[in-house]
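Work through the exercises below with the model open. Try each task before reading its solution.

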Amino acid sequence: MRYYEPSGVQAVLDDILAEPSIANGVLHHAHIPPRAADFVPMPDWLDGGIRAGLESRGVTSLYRHQAEAVEAVRAGKDVVVVTPTASGKSLCYLIPTLQALADDPTARALYLFPTKALGQDQVAELGALSQASRLQINASTYDGDTPNPIRSAIRSAGQVVVTNPDMLHAAILPHHTKWFQLFEQLRIIVIDELHTYRGLFGSHVANVLRRLLRVCAHYGSHPVIVCCSATIGNPGELATLLTGRAAQVIDRNGAPSGERHILMCQPPLLDPAIGARGSAATLAVRWALPFLRAGRQTLVFGRSRVAVELMLTNLREALRAGYGPHRQIRGYRSGYLPTERRAVERGLRDGELLGVVSTNALELGVDVGQLDVSILAGYPGSIAATWQQMGRAGRRQGTSVSVLVAGGGPVDRYVVEHPSFLLESAPEEARLDPDNLNILLGHLKAACFELPFEPSERFGPTEAAPLLAFLGEEGLVRHATDDRWYWSNENFPASSVSLRAAAEENVVIIDTTPARPRVIGEIDIFASQTLVHENAIYMHESAQYHVDKLDWDERKAYVRRVDVDHYTYADRAVTLKPLEEFAMAPAPGATRVHGEVMVSSLVSMFKKLKFGTDENLGWGPVHLPEIELQTTAYWLALAGAAAGWRRADLDVALLGAGRAMQAVAAVLLMVDPRDLGLVSQVRSPHSQSPTIYLYETVPGGVGMSERLFDRHDELVHGAVELIGGCDCESGCPACTGPRLEADVDAKALALRLLRALLPPEAAERPDVASSGSASGRAGAAA
């Protein structure tokens, strides 16, 4: 199957499905027919110049959701627009902004985007639309790359300020007196990509918005808030949690869509005994090659930086060998320099690039033009993220193809074997906890630095005075004679609060190969321990670099170009210590607990793995400090269920049961599996009994562990069904996790332990007692 001339998407797909080695792995093929647009006439009140500008760009009427949104904003209502990718959500706030400025040139608007690239996209779009409308509008991006002289001009004359939450938090709100023109006349606040504001980041941003609205009230402005989001399960609730205000949900999509094929696949089975399958990355490359050779723009998503670099290398090599367009394939991920990422985005828009291999960095709405194919090497972790990545193909009508290739984990297997979970389930609910005390206190300090607190003023849902009194005891604020609270410390509080991570710094990667060393990228501290430790092979744009030195104190990694036949993989050793129990309840064979824990992780060694075969070529030590995370967890102390076990068997059973519970928890809560970590202890120092911990990987937690505590019975029963329903003989990566010892029946041991955690009536049910293969039944009888 080699194409060297352009061919249609449907023709390429038909040829791929005629290849048995690929077609046999397709578990589900859904065909979604095209949908016509639902148009509504332009509103009568719209300025004539804006109407003419829109018509000159081919917009003669609005989609229904656009019309509903602009009418609601006109009436002064907050809105949250929830429609798919490429449905024209940006006009829902661009039109009200232009109309406000046409009515009053002194009006101001503030646009918030989670990334710089999205902000730059919208400045260009707003500039083009305002020029077509013959309006003189000063719209500017205010981010870390904005030169100082331009910053001053934006503060004084910027009518539309486009920024991100980080800059609002650290550079705008603390200096609000320099921005009085913006805050006095602020009419519209836009929060785009609302669904990204969840977990730790969302909890921080909710507090930043509390501070923003507090400053607005001080200057006498009451702006309307327009939120835009990909499809999620609780858009209204999320908007209210973020802004503290109720919003009208607009979710009747009026945009057209082209014909779409959605395929769910799994790699071929290599060893039925252990359930081992081929690599998702390898199968994703096989799917991508025919489309690239046919000249169809294709986007391949990988779950990790390493996966992206490996797929990029394999695609380029395969195309080079077949004289294909290998120079038109690029990588895209965090760690690349901004100029590299902008070049890739521009190349996709202009058609200069045929293919891009990316992490979820391209999941958001950066304009990359019209793509034909999106291929996902592994389930992205949530329904919403899956549709975001699939939605990158067929953004502007025409036939498109989206392929989900299952990875080796149990969640991936569940999704492709239950297509209704993706195609029919409601998307996940985005969760955050803005009142997490660790987060709240940092922003309360920043808010007090910005403006003094009145005696009975609230910050969020609660009165601020008790928390301010606590800060007063530390000498950070003072209670003055006018009964107000003032900041009294020399420190700049916003600078000590990072919105996106517990660590504030990144590690800079410096290439020492040329005579003049150059920076080729940067990486967050947590990931740096596994990717740029000394003697690691770091991959960047499919080029290999050997890490000669990691200066941990200076946050610099020194690398040089190499050409080797392997890559490196470092793993973390994780330990956990409970700090406090919030809730405890008896359960069959165990005690279930919800509480606070301290998780410590240490990278101590790495492996060298051969390209293509993953053969282990050796190992080496890693000497780096331990990283700590204070968070919340749900755990099971199995004093009763584990009675009478041999220690070696119990160790295998705890790990297998824990991995199954971790996978089921991600499905039950509809969260990314990476949001939950697992630790199993044969004898916990805390409970003095065998214990399984599921902890949140977000500092302080965002409520997932409490929900697991409440849904304990569903969790255990789901784990029994997952393992019992697996086709493997004695445990595999898709149920109990990778097998550490070939002669141990991990499946039977895990099932035996889990069934002891079921209520007697559930354990006796026929579907539970007889679930699984022969080994599963042996586990029940053991």
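**Exercise 1. How many of the 21 residues of α10 are buried?**

Solution. First, the ground rules. The model is predicted, so local features need pLDDT of at least 70 and side-chain atom pairs pLDDT 80 or more, while totals for chains, interfaces and linings use all residues. Residues are numbered from 1 along each chain as its sequence is written, and side-chain values use heavy atoms, without hydrogens and water.

Step 1. Helices (H or I, at least four residues) and strands (E, at least two) are DSSP runs, numbered from the N terminus. Buried means under 20% relative accessible area, exposed over 50%, and partly exposed in between, with a 1.4 Å probe and protein chains only.

Step 2. Count. In α10, 19 of the 21 residues are buried, so the helix is largely enclosed by the rest of the structure.

Step 3. Check the length. Helix α10 covers residues 199-219. The expected span is 1.5 Å times one less than the number of residues.

Step 4. Look past the end. Gly-220 follows α10 and has a positive phi, near 85°.

**Exercise 2. Which way do the residues of β33 point?**

Solution. Step 1. Sort the side chains. Thr-691, Tyr-693 and Tyr-695 point one way from β33; Ile-692, Leu-694 and Glu-696 point the other way.

Step 1. Six of the six residues of β33 (residues 691-696) are buried, so the strand is largely enclosed by the rest of the structure.

Step 2. Find the neighbours. Two strands pair if DSSP finds at least two bridges between them. Strand β31 (residues 627-637) runs antiparallel to β33, with five bridges. Strand β32 (residues 676-681) is also antiparallel to β33, joined by six bridges.

Step 3. Thr-691 is the bridge partner of Ala-637. Tyr-695 is the bridge partner of Gly-677.

**Exercise 3. Which elements each supply at least two residues of the lining of the largest cavity?**

Solution. Step 1. Define it. On a 1 Å grid over the protein atoms alone, a cavity is a set of points where a 1.4 Å probe fits but cannot get out; lining residues have an atom within 4 Å of a point.

Step 1. Count and size. There are four cavities of 30 Å³ or more. The largest holds about 90 Å³ of space.

Step 2. Name the sources. They are α13 (305-321), α20 (525-531) and β25 (537-540). The lining includes Arg-305, Glu-309, Leu-531 and Tyr-538.

**Exercise 4. Is Lys-747 buried or exposed?**

Solution. Step 1. Lys-747 sits in helix α24 (residues 746-755).

Step 1. Read the accessibility. Lys-747 is at 0% relative accessibility, so it counts as buried.

Step 2. Find the partner. A polar atom of the Lys-747 side chain lies 2.6 Å from the backbone oxygen of Cys-726.

**Exercise 5. Where do Arg-134 and Arg-555 lie?**

Solution. Step 1. Recall the rule. Most residues other than glycine have a negative phi.

Step 1. Locate both. Arg-134 is in the loop between α6 (116-132) and β6 (139-141). Arg-555 is in the loop between β26 (543-551) and β27 (556-562).

Step 2. Read phi. Arg-134 has a positive phi of about 60°. Arg-555 has a positive phi near 60°.

Step 3. Compare accessibility. Arg-134 is exposed, at 76% relative accessibility, whereas Arg-555 is buried, with a relative accessible area of 17%.

Notes:
On a 1 Å grid over the protein atoms alone, a cavity is a set of points where a 1.4 Å probe fits but cannot get out, and a pocket is an open set with protein on both sides within 12 Å along at least five of seven lines; lining residues have an atom within 4 Å of a point. Grid points are joined across faces, edges and corners, and a volume is the space filled by probe spheres set on the points. A polar contact is a pair of N or O atoms within 3.5 Å; within protein, one must be able to donate a hydrogen and the other to accept it, and residues adjacent in sequence count only if both atoms are side-chain atoms.
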